[in-house]
Amino acid sequence: MRMSAQVHVPSLFARVGTASALTLAVTSSMLAPGLVSDAEAATAHSTKALKVAASKKGAPYKYGAAGPSRFDCSGLTLYSFKKAGKKLPRTAQQQYNKTRHIAKSQRKRGDLVFFHSGRSVYHVGIYAGSGKIWHSPKSGDVVRLAKIWSKSVWYGRVR
């Protein structure tokens with residue numbers, strides 16, 4: 001028996017009659033613009049912040065700097081999320097405390113990656129996918145894409 005990819009929705013889409021699942025998904029989001037889940041909203045902000053961070057590739061590291069042309073690690077994340085419409089505190093530890101903590105298996109592009117020693121966070125970057133982050137590493141270095149080099153990391157999602 002062959003299954004049909006069509007769904008009949010009598011109430012909300014009475015005039016549509018029979019529609020594909022894709023049509024329903026697209027149409028329902030167009031009928032209620034602005035109504036997105038928290039996860040979808042977080043993803044939109046995170047995606048924008050990731051793009052902002054990537055656009056700063058090559059910007060020099062400067063301790064205590066939060067842009068627009070020089071950054072320390074938490075300054076880059078603060079700047080990137082501010083441009084995406086989200087407010088973060090200044091330090092990596094404060095940013096960790098403010099985010100929704102998630103498991104490695106739940107991480108998505110745009111989530112924050114916190115490097116820690118014991119219970120203390122000492123570095124932060126923005127997850128770019130494929131085990132890499134955008135970050136501002138240290139004095140003498142520049143904003144760049146790098147492989148996550150430690151297993152001592154925690155993940156956080158900006159709310």
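Q: What makes the six strands an open sheet, and in what order do they sit?
A: The order is 3-8-4-5-6-7, with antiparallel pairing. The edge strands, strand 3 (100–102) and strand 7 (144–147), each pair on one side only. A strand here is a DSSP run of E with at least two residues, a helix a run of H or I with at least four, both numbered from the N terminus. This is a predicted model, where local features need pLDDT of at least 70 and side-chain atom pairs count only at pLDDT 80 or more, while totals for chains, interfaces and linings use all residues. Residues are numbered from 1 along each chain as its sequence is written, and side-chain values use heavy atoms, leaving out hydrogens and water.

Q: Why do strand 5 and strand 6 count as paired?
A: Pairing takes at least two DSSP bridges. Strand 5 (residues 120–129) and strand 6 (residues 132–135) have three, in the antiparallel sense, so they qualify. Along the way, Y127 stands opposite I133 in strand 6.

Q: What makes F81 and L112 stand out in the largest nonpolar core?
A: They touch the most other members of its 23 residues. Such a core is a set of buried (under 20% relative accessible area, 1.4 Å probe, protein chains only) Ala, Val, Leu, Ile, Met, Phe, Trp, Tyr and Cys residues joined through side-chain atoms within 4.5 Å. Helix 2 (38–55), helix 3, helix 4 (92–98), strand 4 and strand 5 each supply at least two residues.

Q: Which other core lies apart from it?
A: One of eight residues, among them Y127, I133, V153 and Y155.

How values were computed:
Buried < 20%, exposed > 50% of the residue type's maximum accessible area, 1.4 Å probe, protein only.
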